[in-house]
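Biologist: I should like to learn how to read a model of this kind. May we take it one feature at a time?

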Amino acid sequence: MILITLSLAAILVAWAGTSYGAFTGGTQIFFAQRGQSLQERLVIEYVYFVKGPPSKIEVFARNVGAEQIQVAAIYVNGTSFSGTSMAVKSPCTLQSNAVLLTVGQVCEFDLAYTWPTSSTMYIVAATLRGNQASYIARGP
Amino acid sequence: MIGGMIVLSIFLTALAAMVYVSQQYDTYQQTVNVMSQNDIDRFSENLQVIYPGLAGPTSVSGCGGACNQYDMTISNLGIGIEIARIYINSTGSGCAPVCILDPSLTAAAYTFKRADRFVNPGETVHSVLLWLPGSVALPNPNPPAPKSTIYIVTTRGRVFSFQWPFPPVGQALQAVNANVASGTMKIAYTGNDKSSKEPGATGGGGSGYCHYETAQLVNAGGTAGNLYFVNPWITNTFYGDAFPTGNGQVVTTVYIYANFTNVKSSPIYVTTGNLLIQVAQSGSSDKAYFVGGTLYSLNYKGTAYLAGTENPPGGVTPNTSILLIYRMNGWHPPSSADSVEGLTFSGLATITNAETGNGYYAASIFLDGLYIRPSC
């Protein structure tokens, strides 16, 4: 009887330990990711319209946060630019379909987009961690 | 005994987990606090550009030859900042396309002086030296029609911008030899809105015209390539009695006449325009308000044209003048003599011109004057 009780107790303690371990591990990952996401600060500091041809919009985005940022996509009035279509200029590079911005770094994106004269552009840059930086500009 | 030990061990395990989670949460909360403080710092930045904004250019060595050096003066009304980058965007010549200036220890093309990038809290008239290649000069700031926009980006991500040269505001630019005219405004009255017409250059006018001639306005000088505001009239038209009557007569429309000389080398076409004036009324009823007006008609070489048509046919040839008439609907001057005295107008008229083969050209004209009761 005692043996059975001890066995069950051992199983219970092991189960509880595993559960608590999973819980704390998940919590650690959750807070770490939330913390990293929270430390992202991406700003679009300038937008320049190039009449062309070809027409394009030059977007200058800067990482002013405390974590490095990976820009996954840029949207211009709902049109998505991702991967090579972001046309990031040197020294910034495309890595695994995202553009890495270290802390304080600014990158220029040349988006091939035909913009109507005097039209309003709603530009959004999205990071892999789910943050966004937006900018509203009116074309010349 | 055994049960107690089991419960205790489970309880201790849970306690350890809770302590661990609390530590994680504390760490996360510290991050929240740090980033919140960063956000507060970001929005505590307050940079203000000091007139004239940019001075120069002066030629200095560097840039693989000569550099055009501009001196930008700013004041910091917020916390300490660090300038990360400066963008300059000009219309026409200069920084078109955009010039991007990064910090540099010494004079180099498209840079600004690295040592000037820190601006202390409360520091006033801080100088930042900008270096452009010798072949790149910003458009002439005279007359002061904005031709360049300068964006100052800080390391915290704020952007402060200003136009250069500064657009005319208030009476601050009276002395500037530019497309700003100031002085006593001429007032003209006509019998009704049908008989309003251009006052003659010597003070004559149409039927019922009464023109209080004062000293000549400060005329604008300047260089070719811009439009100039020469002098304004205000014509008050109304139905019925002479103005002012003080007996509550209905005053319907005010026309403002503005005379422009085309000093460009090619004809201009006035296609549209509007005028916003701020009326600061003193006397028996002090108040200030804005009144908007639209381009009503043109008078060119003795012929009147309604706005909206080709204005005028063939355009305004160089070195000739055109009279623009703005109709200020929905507003009338005060109806008593006492309150008329001391009434002041100030406003900015914007005219869009389509220059042949050169796209659209916008001209801003600042009106400023004192409305004096006529002696007639």
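This is a predicted model: local features need pLDDT of at least 70, side-chain atom pairs count only at pLDDT 80 or more; totals for chains, interfaces and linings use all residues.

The dialogue below takes up confidence, the interface, a helix, a sheet and some backbone details.

Biologist: What is the mean pLDDT of chain B?

Modeller: The term pLDDT denotes the predictor's confidence in each residue, from 0 to 100. For chain B the mean is 66, and 51% of its residues reach 70 or more. Residues 169-253 of chain B stay under 50. For the complex, the predictor gives an ipTM of 0.88 and a pTM of 0.61.

Biologist: How many residues of chain A are in contact with chain B?

Modeller: In general, the size of an interface is often given as the accessible area lost when the parts come together. Here I describe the interface by contacts: 27 residues of chain A touch 27 residues of chain B. On the chain A side, helix H1 (2-38) and strand E1 (42-50) are the elements that give two or more residues. Helices (H or I, at least four residues) and strands (E, at least two) are DSSP runs, numbered from the N terminus. H1(A) supplies the largest share, 16 residues. By type, this side of chain A has 15 nonpolar, 8 polar and 4 charged residues. In this scheme Ala, Val, Leu, Ile, Met, Phe, Trp, Tyr, Cys and Pro count as nonpolar, Asp, Glu, Lys and Arg as charged, and the others, Gly among them, as polar.

Biologist: Which residues of H1(A) are buried?

Modeller: An α-helix has 3.6 residues a turn, so residues three or four places apart point the same way. In H1(A), the residues A:Phe31, A:Gly35 and A:Leu38 are buried. A residue is buried if 20 or more other C-beta atoms lie within 10 Å of its own, exposed if 12 or fewer, and partly exposed in between. The buried residues of H1(A) pack against helix H1 (2-42) of chain B. That helix of chain B includes B:Val21, which is partly exposed because 18 other C-beta atoms lie within 10 Å. Leaving aside its neighbours within four places in sequence, B:Val21 is in contact with A:Thr24 and A:Thr27.

Biologist: What span should H1(A) have?

Modeller: The expected span of a helix is 1.5 Å times one less than its number of residues. The 37 residues of H1(A) should therefore span 54 Å, and the end C-alpha atoms are 53 Å apart, which agrees.

Biologist: In what order do the strands of the chain A sheet run?

Modeller: Strands of a sheet pair through backbone hydrogen bonds, either parallel or antiparallel. Chain A has an open sheet of 3 strands in the order E1-E2-E7, with antiparallel pairing; two strands pair if DSSP finds at least two bridges between them. E1 and strand E7 (106-112) of chain A stand at the edges, each with a single partner strand, so one side of each lacks a neighbour in the sheet. Strand E2 (residues 56-63) of chain A and E7(A) pair over 7 bridges, and A:Lys56 has A:Ala112 in E7(A) as its bridge partner.

Biologist: Where is a cis peptide bond found in chain A?

Modeller: Most residues other than glycine have a negative phi, and most peptide bonds are trans. In chain A, a cis peptide bond joins A:Ser90 and A:Pro91, with omega about 10°. A:Pro91 belongs to the loop between strand E4 (79-82) and strand E5 (94-95) of chain A. In chain B, a cis bond joins B:Ala96 and B:Pro97, also with omega about 10°.

Biologist: What phi does A:Ala87 have?

Modeller: A:Ala87 has a positive phi of about 45° although it is not a glycine, and it is found in the loop between E4 and E5 of chain A. A:Asn97 likewise has a positive phi, of about 65°. A:Asn97 counts as partly exposed because 13 other C-beta atoms lie within 10 Å.

Technical notes. Residues are numbered from 1 along each chain as its sequence is written. Chains are lettered from A and ligands numbered from 1 in the order in which they are written. Two residues are in contact if their C-beta atoms, placed from the backbone, lie within 7 Å.
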